[in-house]
Amino acid sequence: MKLITLGIFLFILGITLVVTYWAAKRTHTTSEFYAAGGKLGPIENGFALAGDWMSAAAFLGFVGLSALFGWDGALYALGALVAFMAILLLIAEPLRNTGRYTLGDVIAYRMQRPQARVAAVVGTIVVNLAYLIPQMAGGGVLIKLLLDIPYSVSVVFVGIGMIVYVAFGGMLATTWVQIIKAVLLISTAVVLVVWILALFGFNPVALFDGMEDRYGAKILSPGNFFKHPLDAFSLGISFVLGTAGLPHIMTRFYTVPDAKTARKSVIWLMFLAGGFFLVTTLIGFASALLVGQDAIRAADKGGNLALPLLAQYLGGGPGTLGGQIFLAFVAAVAFATILAVVAGLTLATSGAIAHDLYFNVIKQGALNEKEQVRVARVSVFGIGIVAIVLGLLAQGQNVAVLVILAISIAASANFPIIVLSLFWRRFNTGGVIGGVAVGLVSAIGLALIGPAFMGKEAIFPIVNPAIVSMPLGFLGAVLGTLLGGRNAVHEAHFDQVLFKAQTGIATD
């Protein structure tokens, strides 16, 4: 039976490796490595964006939170539905028009200062590493469950896979792996939902009644996970504004030929990911009712294995052929999901280190195409090692909670400097440095002393710190700008930036 499980897992993994080999033969230039040559269409990029957004948090963490905490956990999934409204209305088109490969390009185009690019690099790296941690943890618990190997070995396996995908295939491989896993993920969700509804006579209310009968009315009431009145509001801020500060999501807008295609990509994403997130709550409730909260916590105290355990139950239960086959398929799809997301994160981090820091700041543009790609690939190995270490430290944490904390950091450090760079004439390099510094310190500091890490001993009462740390990030950016003084030439450049952001036409 283990051989069947391993065979299904290796088959799906093999498909993604074939794609990586195909992409590696077509990836030679910097543009191809970072942005797939800017040739993707709206449907391709929309599916890839959906693949980026439907991460381990969505497939494992959201389901686990709903299973363990009822409607409080469901808020995580519902918040994801509106995450891209700010991007569609404010960010997508200007970002596509003013950048090239990274968020640092956007900031540097406006500021014309290496210090501003360095600050953007710091924000990118911290956010991406924070987002990498839950992906590595999710992959670790999956492989541990599926292959019965230690968590530490599982995390190393995930890290090696991540390095292979990115170092050899670049953005093209990452894109098509994300497309494949998005299709698999959505298809799996459809099968699970139809199966679950069939068990309850296609009446979702019967599922909710079963939850209430087994766990009491409290499971369908607020307060099981969120203890502070502002928790839900802060979660919403994290989603709506923090997503616009995620570098691995934003760099996807450079893979398309123009701003119109970027907007269409977001619309495709909203339909694909929105439909998926709607059903994760249903799957979570079914996991709690059919598998049981005690069994879910026994397998992983963060609740990350609720979905694989449900798949095993639906297939016939532990020890049965059907249970092992369905478990193997769901786990393999989830693992492909994690590899695709960590590949996107690694690529965005590599871009910040190799393109922004090494090529533009240290070498000041004096590096040919071949050397740029070589440096980018070398940086991937270093990022992979750091990601493995961080993944080992995250054992036992719910991956959805960790992901939203990463998004809170993005809302506090990256979102303020992006918005102010695009829309405030006086904004300057001092503002970029102040916004990133204050945003990062406040978001990370408040998270570490909050309930997500300190539990009942928390000093800061709100799980997601964005409600406080994001205004502090804006404050740091404004104060840094004012302290930096006015520069007439610098402010005059804003007109060029604004024109290009809205039209895509450069005037300099």
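Phe202 counts as exposed because its relative accessibility is 55%, where exposed means over 50% relative accessible area, buried under 20% and partly exposed in between, using a 1.4 Å probe and protein chains only. You can find Phe202 in the loop between α9 (151-199) and α10 (204-215); helices here are DSSP runs (H or I) of at least four residues, numbered from the N terminus. Most residues other than glycine have a negative phi. Phe202 is not a glycine, yet it has a positive phi of about 55°.

Before going on, please keep in mind that this is a predicted model, in which local features need pLDDT of at least 70, side-chain atom pairs count only at pLDDT 80 or more, and totals for chains, interfaces and linings use all residues. Residues are numbered from 1 along each chain as its sequence is written, and side-chain values use heavy atoms, with hydrogens and water left out.

Now turn to helix α5 (residues 71-80), which is largely enclosed by the rest of the structure because 7 of its 10 residues are buried. Among these buried residues are Asp72, Tyr76 and Gly79.

Next, look at how two helices meet. Helix α13 (residues 259-290) and helix α15 (residues 306-314) pack at an angle of about 65°, with their axes 9 Å apart; axes are lines fitted to C-alpha atoms over the stretch in contact, and angles run from 0 to 180 degrees between N-to-C directions. On the α13 side, Ile283, Ala286, Ser287 and Leu290 meet Ala306, Leu307, Leu310, Tyr313 and Leu314 of α15, contact meaning heavy atoms within 4.5 Å. This contact of α13 with α15 holds 8 nonpolar residues, 1 polar and no charged. Nonpolar covers Ala, Val, Leu, Ile, Met, Phe, Trp, Tyr, Cys and Pro, charged covers Asp, Glu, Lys and Arg, and the others, Gly among them, are polar.

Finally, explore the pockets. A pocket is an open set of points on a 1 Å grid over the protein atoms alone, with protein on both sides within 12 Å along at least five of seven lines, and its lining residues have an atom within 4 Å of a point. The largest pocket is lined by 23 residues, with Phe69, Phe225, Pro451, Ala452 and Gly455 nearest its centre. Its lining has 12 nonpolar, 6 polar and 5 charged residues, and α20 gives the largest share, 4 residues. The second largest pocket has 16 lining residues, including Ala130 and Phe453. Here the lining consists of 15 nonpolar residues, 1 polar and no charged.

Definitions and conventions. On a 1 Å grid over the protein atoms alone, a cavity is a set of points where a 1.4 Å probe fits but cannot get out, and a pocket is an open set with protein on both sides within 12 Å along at least five of seven lines; lining residues have an atom within 4 Å of a point.
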